[in-house]
Amino acid sequence: MDYTLIVQIVIGITILFLILFNIYLYFNDVENDTVNFLIKRWAYHKYFFLTTAWGILGGHFFLGTEVPLLGPNAWLPVVLVVVLLIALLIIGLKQDKDFVMKRRIQLLLLILGVIYGHFFWSQRHLDYLDIFN
Amino acid sequence: MQNLETYFETHPKLVRIVQYILIGLFVVLIIFDIILAATNNITISEVIKGETEKAFFVLTYFWGAVAINLFFTRKSKKLVHEVTGTIILFSIAALIYFLKIGPFLIETVAKIPNQPTQNEIRIAHAISMAFGLLIGYLFWRQDHVE
C-alpha cells in the first residue's frame with residue numbers, strides 16, 4: 001500500500017500544528033515561551049547537537065552526492081548520525097550551567113551538519129553495485 | 001541569565017508543557033519514520049524530497065530561514081519588528097509557491113529544460129537554501145542569549 005498521502009498529511013499537520021501553536025504562544029500572556037525561543041535557548045546552552053541535527057537534515061533532504069562514500073549499507077549513515085548527535089549531546093551535558101555557546105561555533109556546527117548530510121546521508125546515492133560494476 | 005531564572009520560577013508550568021509537547025512530537029515522528037522504513041514504506045525523508053523535486057522549493061527556503069532563526073542570533077538592533085519579519089517571511093514563501101519560482105529556478109539552471117540533472121537540481125536547492133538563510137538573516141532572527 002502506498003503511504004505517500006498519509007505521510008504527506010502527517011507532515012502537513014505537524015507543520016500546521018507547530019505554526020498555530022507558536023502563534024498562540026507568541027500572543028498569550030506569558031513571554032518567551034514560543035517553540036523558536038525554547039529551541040534557541042536549548043541550542044545556545046547544552047543542546048547544541050540540535051544545530052548539527054538541523055544542518056544534517058538540510059543536507060539530507062535537499063542536497064546529497066551520488067557516490068555513496070560509506071559503502072552499500074543504507075543504515076550505516078543513520079547509525080553514524082545517531083552516534084555523532086549523542087556525542088555532541090554528551091559534550092553539551094558536561095558544560096557548566098552558565099555555559100553559552102559562541103555564535104560562530106553554532107554556525108560551524110550547522111555547516112558541518114549540512115556537509116555530513118550531503119556527503120554521507122544522501123538520498124541521491126546511486127546503487128553501490130551500479131557504480132562499481 | 002538572571003531574568004531567565006526569575007522567569008522560570010514564576011512560569012514553570014507552561015514552559016514545561018511546551019517542552020514536553022515538542023519532545024513528544026519529535027519522538028512520535030522518529031518512531032513513525034522508523035516504522036515506515038522498517039515496513040518498506042515511503043519515509044518522511046522521501047516524501048519531503050519528492051515534494052521539493054516537484055520544485056516548489058518552499059520547504060528548502062524555510063529550512064534556511066528557520067536555521068537562522070533558531071541558531072544564529074542577533075546582537076545588534078532589529079531591522080523590523082518580529083511580527084513584521086514573520087509576515088515578510090511568509091509573504092515571500094507565498095510568492096515562491098504561487099509564482100512557481102521553484103520550477104522557474106530549475107528551468108533557468110538546467111541546460112536541457114525538461115531534463116534537469118541531479119547536479120542542477122542540487123544547485124537550485126542550494127540557491128533556495130541560501131535565499132532562505134538571507135531572508136532569515138535580514139528579517140527573522142532572535143535576540144542573542146547572554
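Q: How far apart do the C-alpha centres of domain 1 of chain A and domain 2 of chain A lie?
A: The bounds, from an automatic or database domain assignment, are 1–32 for domain 1 and 34–132 for domain 2. The C-alpha centres of these two domains of chain A are separated by 23 Å.

This is a predicted model, in which local features need pLDDT of at least 70, side-chain atom pairs count only at pLDDT 80 or more, and totals for chains, interfaces and linings use all residues. Residues are numbered from 1 along each chain as its sequence is written, with chains lettered from A and ligands numbered from 1 in the order in which they are written.

Q: Which helix supplies the largest share of the side of chain B that touches chain A?
A: Contact means C-beta atoms, placed from the backbone, within 7 Å. By that rule 35 residues of chain B meet 36 residues of chain A. Helices (DSSP runs of H or I, at least four residues, numbered from the N terminus) H2 (12–38), H3 (44–53), H4 and H7 (118–139) of chain B each supply at least two residues of this side. The largest share, nine residues, comes from H2(B).

Q: Which residues of chain A does B:Phe71 touch?
A: Residues up to four places away in sequence are not counted. The partners of B:Phe71 in chain A are A:Ala43, A:Thr51, A:Trp54, A:Gln106 and A:Leu110.

Terms used: Contact = placed C-beta atoms within 7 Å.
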